[in-house]
Structures are given as structure tokens and as C-alpha cells.
Amino acid sequence: MPQSIWMTVLFAFVISVALGPLFIGLLRRRHLGQQIRDDGPAHHLKKAGTPTAGGVLFLLAAAVALLVRGFYTSLLGMALLLTLGNALIGWLDDYAKISRGRSLGLKARNKIAGQALVTAIFTGLLYFSGHYDPVVTVPYSGFAINLGWFYPVFIFIIIMATTNAVNLSDGIDGLAGGTAIITLLAFLYIALESGHSDLALFCAALVGGVFGFLIYNLHPARIFMGDVGSLGLGGALAAAAILTKAELSLVIIGGIYVLEALSVILQVISFQLTGRRLLLMAPLHHHLELKGWSEWQVVTALWGLTFIFALAGLLEWLL
């Protein structure tokens, strides 16, 4: 891996670690604490009031690292747009929760409208930059599909699915951050292999920023990433997949997010059709908690599973 990639990771990491205590102190003074769902695991209620919106910390660290690097391309700009655009929506959601003193933030239709706007701007820039390519390759098959006019809709589906799935995984200390680092490293490798050093630097900056954030987010967490962090990371992963033309590889590499989202979908379907729940609680990580697993056991197990998914998605690039 080029030295510049490692330096970007290290620089973002140092910024995140250095600013962590200052940022946590600021959030405490502003009383920007997490609101905990009443219908979640009972032992999570003690986490109420823990500073949230920590995603600002690693996004800022990543942005500064890229700025200092002084390397700018249209693809990097579009990746940042999708990341920060979704992060802004997440921040508004976090602020709504904090100001109202409850765990419900923006209305679903407002979040969807905001993400649709960000997606439209992203897709327009992609088209006019000359990087627009409606051909999607199915992993391991060599089979390619030209989606034609449906491709913008496909982009929107990817962004919506990824941001919401990453958001669902943000329910236990360190889970979303750790899985994001692994998936971003996978796309960093894909970016290098496909000749996109700009996107590799983008992934590297976020890896370093999130790694530094994890120091304060591991159990017991001193800060949560909030929706600003989870939606931002979801936007970053979607951007990396779309811009490297590895859209469907995201389904494999981000398999842990697919499992988390499916656990919620199947739970709802089962309850509506039969009146019975498949899991003790959805998403999957809460089910494992209620089965008696400690938070650390759940997190490390799902990190390990994410690593396996990442390797499975990278095999065609490695062989």
C-alpha cells in the first residue's frame, strides 16, 4: 500500500484522538446526550445522557487529513458530497432528538426527501463529470447489466439501503465503527486495484478518523457517533461502491449490514403475518444481547463476521 495512504490513515487517527477529549467535554457542557429507546434492552437505559453526535469528530478528522493532503479530484469531491450530505441529515436528526428530549428525530418523509435531494445532486455531478456508467457487474460472474434509465433509481436504492442499514447497526458500543473500518479497508483495496488513488485516500482518511473515534466509543462508550456518524458512514460506503463500480460487491462486503437490516424486516413481517417474533428483539445484535451475550462478545463476533464478508467480497480482486 502506498506510503501516502498510511500517512493519511495516521494523520486522521491522530487528529481524532487528539480532539476526542475536547469534543466530548464540549458535548457534555452543551448537554448533547443520547436519548435511549424505552423499547430497547433494559440495561441500555443507563447509557442515557452519554454525549452523542460523535460522528462529527471522525468526519472532521478525515476532512482535515484530506485537506492537508492537498489532493483533489472530481471523484473525491463527489464522495465527500455524498458523505457530508448524509451526515448533515443525520445531524439534523440528532438535533431533533436532543431538542425534543426523546429518541424520535426527523420524520421519515423528511429524511427521505433530504436523501433524495443529496442523491439527485450526486447523480447529476456524476453524469456531467463524465464518470456516469449505468453498466453494473455481477460479482464472480463477469456478467454485466446495462440498467439504462433505471441506474439513477438504483443509485438512490444503494444510498438509502446502505445509510439505513449502517444506522441500524449503531446500537452497541463500537459495533458500527468497527464494522465500518473493515468495510472501508475493503473498498480502499478495491480503489487501489481499480486505479482510483483518490478514492483510496478518501477511504484511508475515514479509516483513521473512525479508528481514533473508537478509542472513546468502545464499551463503556464515552461518546456515541449518532446519526450524523452512521448516516455519514453509510453515505461514504455507498460512494465508494458506486464510484469504484463495485456496486453489487457492497452487498457481500457489507454483508453484516444486510443481516442487520434483514433481521428487522423479517421481524416485522413475521409479527404482522403470524403475531410471533422471529427474534427476541431486532436488530440482530439486540437479539444476541438478550440471549445472554455481553456487549463485547456481540461486537467482536460481528466484527469477525464482517471480516469474513469483506474477504468473500474481495476474493475476485485478490485472485
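**Figure 1. The left-handed crossing of helices α6 and α8.** In this predicted model, α6 and α8 cross with a left-handed sense. Helix α6 spans residues 175-193 and helix α8 spans residues 226-243. Their axes come within 10 Å and cross at roughly 20°. Because angles under 35 degrees count as roughly parallel, α6 is described as roughly parallel to α8.

**Figure 2. Residues at the contact between α6 and α8.** From α6, the contact is made by Ala180, Thr183, Leu184 and Phe187. The partners contributed by α8 are Leu233, Leu237, Ala240 and Ala241. By residue class, this contact comprises 7 nonpolar residues and 1 polar residue, with no charged residue.

**Figure 3. The second largest pocket and the residues around its centre.** This pocket holds about 440 Å³ of space. Its lining consists of 21 residues. Those lying nearest the centre of the pocket are Ile157, Ile158, Ala161, Thr162 and Ala165.

**Figure 4. Helices that contribute to the lining of the second largest pocket.** Two or more lining residues are given by each of α5 (151-169), α9 (249-253) and α10 (255-274). Helix α5 supplies the largest share of the lining, with 10 residues.

Notes: Residues are numbered from 1 along each chain as its sequence is written. This is a predicted model: local features need pLDDT of at least 70, side-chain atom pairs count only at pLDDT 80 or more; totals for chains, interfaces and linings use all residues. Side-chain values use heavy atoms; hydrogens and water are left out. On a 1 Å grid over the protein atoms alone, a cavity is a set of points where a 1.4 Å probe fits but cannot get out, and a pocket is an open set with protein on both sides within 12 Å along at least five of seven lines; lining residues have an atom within 4 Å of a point. Grid points are joined across faces, edges and corners, and a volume is the space filled by probe spheres set on the points. Helices (H or I, at least four residues) and strands (E, at least two) are DSSP runs, numbered from the N terminus. Axes are lines fitted to C-alpha atoms, for helices over the stretch in contact, and angles run from 0 to 180 degrees between N-to-C directions. Angles under 35 degrees count as roughly parallel, over 145 as roughly antiparallel, 65 to 115 as roughly perpendicular and the rest as oblique. A crossing is left-handed if the near helix is turned anticlockwise from the far one by less than a right angle, and right-handed if clockwise. Contact means heavy atoms within 4.5 Å. Ala, Val, Leu, Ile, Met, Phe, Trp, Tyr, Cys and Pro count as nonpolar, Asp, Glu, Lys and Arg as charged, and the others, Gly among them, as polar.
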